[in-house]
Amino acid sequence: MKISLKWLKEIIKDIDLTPSLVEETLTSIGLEVEEVKDLGKELENIVVGEVVSKEKHPDADKLSILKVKTDKDEFQIVCGAKNMNAEDKVCLAKVGAVIPNGNFKIKEAKIRGEKSFGMCCSLEELNLSEKSEGIIILDKKTKLGENASKALGVDDVIFEVATPPNRGDVLSHFGIARELSGALNLELKKQEIKEIKDTGNTELKIDIKDKGCKRYIGKIFKGIKIAPSPSFVQEKLKSIGLKPINNIVDITNFIMHETGQPLHAFDLSKVASNNIIVRNAKDNEKIKLLDETELKLNSKDLLIADKNKPLALAGIMGGIDSSITNETKDIVLECAYFDKDRIRNTSNSYKLLSDSSYRFERGVDFYNMENVVKKTTLLIEEFAMPKEIQATLDNKEEKETLKTIKIDYKDINKFLDTDLSIKQITDILLKIDFKIDINKDFLEIKVPSFRTDVEIKEDIYEEVARFYGLNNIKAILPSVSVETSFSDNVDLLKEEIRKTLKYLSYSEVITYSFTTKKNNSYINNNEKEIKLLNPISENMKYMKLSLIPSILDLVSYNYNRRNLDLKFFEIAKTYKLKEDKVNIPKPNESIFNEEENLCGVVTGKIIDQEDWTRNKNRNCDFYRLKGELETLFNYLKVPSYKFKEKVEVNYLHPGISASINVCGKDIGFIGKIHPEFIKNFDLKEEENIYIFNIKLDMLKNSFNSKTKFNSLPKFPGVRRDLSFFIDEKVKNEDIVALIKKKKINNLSTFGVFDLYLGKGETGRKSMAYYFNFMDNEKTLTENEVDKAMNDITESLKKEFFIEIR
Amino acid sequence: LDKLKEKIDLLDKELKGSIEKISDLKSLEDFKVKTFGKKSEFAKISKSLSQISNENKKEAGQLINNFKKEFQNIIDTLENKLKTKETQEKLKNEKIDISMPGTYFKMGSNHPISIVEKQIIDIFKPLSYSVESGPEIEHDFFNFSALNIPENHPARNMQDTFYVKDKVVLRTHTSPVQIRTMKQENPPIRILAPGRVYRSDYDVSHTPMFHQVEGLFVDKDVKLSHLKGTLLYFAKRMFGDKTKIRLRPSYFPFTEPSAEVDITCVICGGKGCRVCKNTGWIEILGCGMVHPNVFKAVGYEGVTGFAFGMGIERIAMLKYGINDLRAFFENDVRFLRQFI
């Protein structure tokens, strides 16, 4: 909302109000000033000058050479306009001035050989008019050397004020002035409202047929003259960015911005039988509005109508047919009170926002309406010269009662942690028009009619805090407590994963929870996706069923930016519909499933291509990824995890993938992306891309943050290696299982350390295993170890027909 | 005996003369063999000891021994000297170019939003706050009604809500976690609720998904000063000891009184710059005392409390000087890797 400082000063007594004080004060009481525009400052160095002489430019037909004097100096100006003569007063932009339109700085210049020390400005150049011909010619009486903003009457400061949505009372210059006076202890000027003589009766009839209208005041003016509005009205409207239209429309707008009460004027000749009817619209009833949009209404909308047709969409916008035109002679003025919710509903459903609806939605002052009508009448009488003013017709369906709130003043101090006296508190409240009866410690506070937002004690606490100053409230840190719980296992798990994967060179990503139909369709495991009813775009219409497609999209995005060799992970939820038969769920009914996932992707080379110390050619592979997950699981102390061969994920390479099994449950998968699937993401088939996905909720249960110490062995161990050829179909896990089954004496750890699938060897491979032996009681003898090794070798020979190398 | 003495003196002179010429370990080794070997002059002298009379034997033996000791010393010293010299020579040839880069281990990174979220949590944890979470697909009751935002309430205009079905929304803030926690647990309550939230807004300064952290503190006799103290503590821990805060009255349906909180500008320290639009202040969060209607909705009586909520992206932008909100979700690896 735009507020003019000049306008405020006409309402507040103190004329020394500086822009910075207004800005600071309004912001401190919750009316945030978002922007301050000092029009005077914008026209700095643009002053009133007088044309002394005008001669033709010797070298250009269209240019003139002017001598222009100010109160101090005389300047030569080369000018392209023609509409000035000697002795005319003009707006002279001196060297150093910045022309608002185009934001360019005036410099000393030479134009076709003639020196020029400034510029004579047009309204357009000063951003005071959209289009203008010629330069501004000021009144002859204007003072030389005066700043142009003052001479043009635009020496104003405009504040852009953000108001809270529950404060209808501050949406006017008067409302803002009232708050300022409360905060700065200023007096408002007394408003004397002259009574205007009327005919004593009225031809108007008002029927209120809908509870959405609580009060409707109508007044007929006959024989008015439509003309431009007076300059003080025009100036004010322009200062807050409104376009003057004609005296009637401008006066109603002026009054609204002054008092906060929206008004409307109808052409009386368009109102059948002089009968205004306030009613709800019929379904599919049509109205064409002032801005020429045509609406199809429904029964929730509130209409102003006559017997035959709708006249206006109540509180929002007038109809074009009943609007004021240059031919209008008789008018009916409307000053009404409409239900907030009704106006908001209609305004929302048609996305129609007007200055009027903005105020009705937030609440206008039921008790100030008569005054508003009187003020308006005064202006219409003076500036539209009506031949006849009829009596005011006031139709109230319901009277609003004033609220009373009873408070012990000590409670205010307790809540705010202040030491205010009763007097300090009442001073604050009285200043902003609350009425108070004091009964010992108790304050019986009557809320003024315009404060529709104040309902409970806490609202009063807020008023006191606001004007006492939130920044004067103490700052005290509450002591720590042993009574609250610390239940954050999931949080700790996520934190540990983030840390570990970071050290394993992964970069964490965060992607939108939304996705496309296509990305969800890849995950065809019969899960029901969730669709948004009002998505922002087709690309964000569904909630993700899986994190994989979007992380592959990211690979593609980065490849296009030549970021290669990627390692990404994301911790995020996936969403699915659990129960689709429920139409409107109850608050605690869970019909959706949200699952926390850890997803990762690895592409390209393992070794950084800038590393000169190592072989750069190794591609990332299954074993590398598996090892990293093993590192993670070991760090998280996941007790027994296994990688199992069978995965039912159709977008993984069938031979290079595994499911991840923890404590007997599948919690996720790991593998190479299927070459056919890669193509969906603008990536080449032969790209080397590995992914994993783990359901965190399932890992949460086996995650263990406790470390337990095992005592160190007292006797040295012995290591033996065994290399052999074996059928290439035999898996490491078969060999491991066999050796485990044999329960070899003193064997503490063992494992594979070499695998060779040699050229020329068909059907068999070479493997090498290490075996560590240890006895906790004594040092092992060679004989004992030989015997154990022999057992191992014999078992392997018997079971897998190995050939020792 | 005298003859022996004479021989030793002669040998001494001879050997001392030749040892001076030795300059490498190999010649020293030859010298050792020549001097003390079986065929050496010294061996001959040692053998001649048997021909010495018994009465002189002791003295002669001492002479021989002293001579040997002396020479052994000389040889050892020389040997050490030569060895050191040789090692030095060897190391000289092993010199590498230490200006070449080290074997590189590329660290990964955490997302700036995660980092800042963790920083916020780490600031509040010592104040006995626990971390709570709630669903992102949320019922109207938890997202709006219970938070004193009935149908038709102006606040429903303030946030453009994504709907999944009738009465089901993508949560527009983390505040529903307040309600879920209070419905489940009895006061006192101190919780933080971080997470994703959604609003139907997409432009330079809005993304349809973003992150918030919600704080809730409920107990007997919680005062406005407690809220202020908590926020000042947070601001100083997050942005540095010199940070000041400013509260501006504001409006949220679920708090009364409500305020928006500014901190002294992180760029100019309050002097006024482009980032703070010359005000010296930057808005970082919204807060207030819990509205009695919220307590009513969860069945709490006789308590007061405060709540606050902040956008993690906003804090991260201020902390790291990120000026484009969308960079958070584009996930260009060159952006991501800056946040180790």
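Predicted model: local features only at pLDDT ≥ 70, side-chain atom pairs only at ≥ 80, totals over all residues.
B:Pro257 sits in strand E8 of chain B, residues 255-264.

B:Pro187 and B:Pro188 are joined by a cis peptide bond with omega of about 5°. B:Pro188 belongs to a loop of chain B.

## A positive phi in chain A

Chain A has a backbone feature of another kind. A:Asn746 is not a glycine, yet its phi is positive, near 60°. The residue lies in a loop of chain A, between helix H20 (732-741) and strand E39 (747-756).

Why list these sites? Most peptide bonds are trans, and most residues other than glycine have a negative phi.

## The interface of chain B and chain A

Chain B brings 95 residues to the contact, and chain A brings 95 residues. The area buried between the two chains is about 8100 Å². Carbon and sulfur atoms give 57% of that area.

Polar terms come next. There are 42 residue pairs in polar contact between chain B and chain A, counting pairs with both residues at pLDDT 80 or more. On the chain B side, helix H9 (residues 224-239) supplies the largest share, with 8 residues. By class, that side holds 45 nonpolar, 26 polar and 24 charged residues. The interface also has 5 salt bridges. B:Asp221 and A:Lys414 form a salt bridge, with their closest N and O atoms 3.3 Å apart.

## Cavities

Where is empty space left? Rolling a probe the size of a water molecule over the atoms shows it. Here the count is 3 cavities of 30 Å³ or more. The largest cavity has a volume of about 100 Å³.

Which residues lie nearest the centre of the largest cavity? They are A:Pro164, A:Arg167, A:Glu462, A:Arg466 and B:Ser250, out of 14 lining residues. Two elements each supply at least two residues of this lining: helix H13 (457-468) of chain A and strand E7 (245-252) of chain B. The lining divides into 6 charged, 5 nonpolar and 3 polar residues.

Methods
Residues numbered from 1 in each chain as written. Chains lettered and ligands numbered in written order. Heavy atoms only, no water. Contact = heavy atoms within 4.5 Å. Buried area = accessible area lost by both parts, 1.4 Å probe. Salt bridge = Lys/Arg side-chain N within 4 Å of Asp/Glu carboxyl O. Polar contact = N/O pair within 3.5 Å; in protein donor to acceptor, adjacent residues only side chain to side chain. Helix = DSSP H or I, 4+ residues; strand = E, 2+ residues; numbered from the N terminus. Nonpolar A, V, L, I, M, F, W, Y, C, P; charged D, E, K, R; others polar. 1 Å grid on protein atoms, 1.4 Å probe; cavity = no way out; pocket = protein on both sides within 12 Å on 5 of 7 lines; lining within 4 Å. Points joined across faces, edges and corners; volume = space filled by probe spheres on them.
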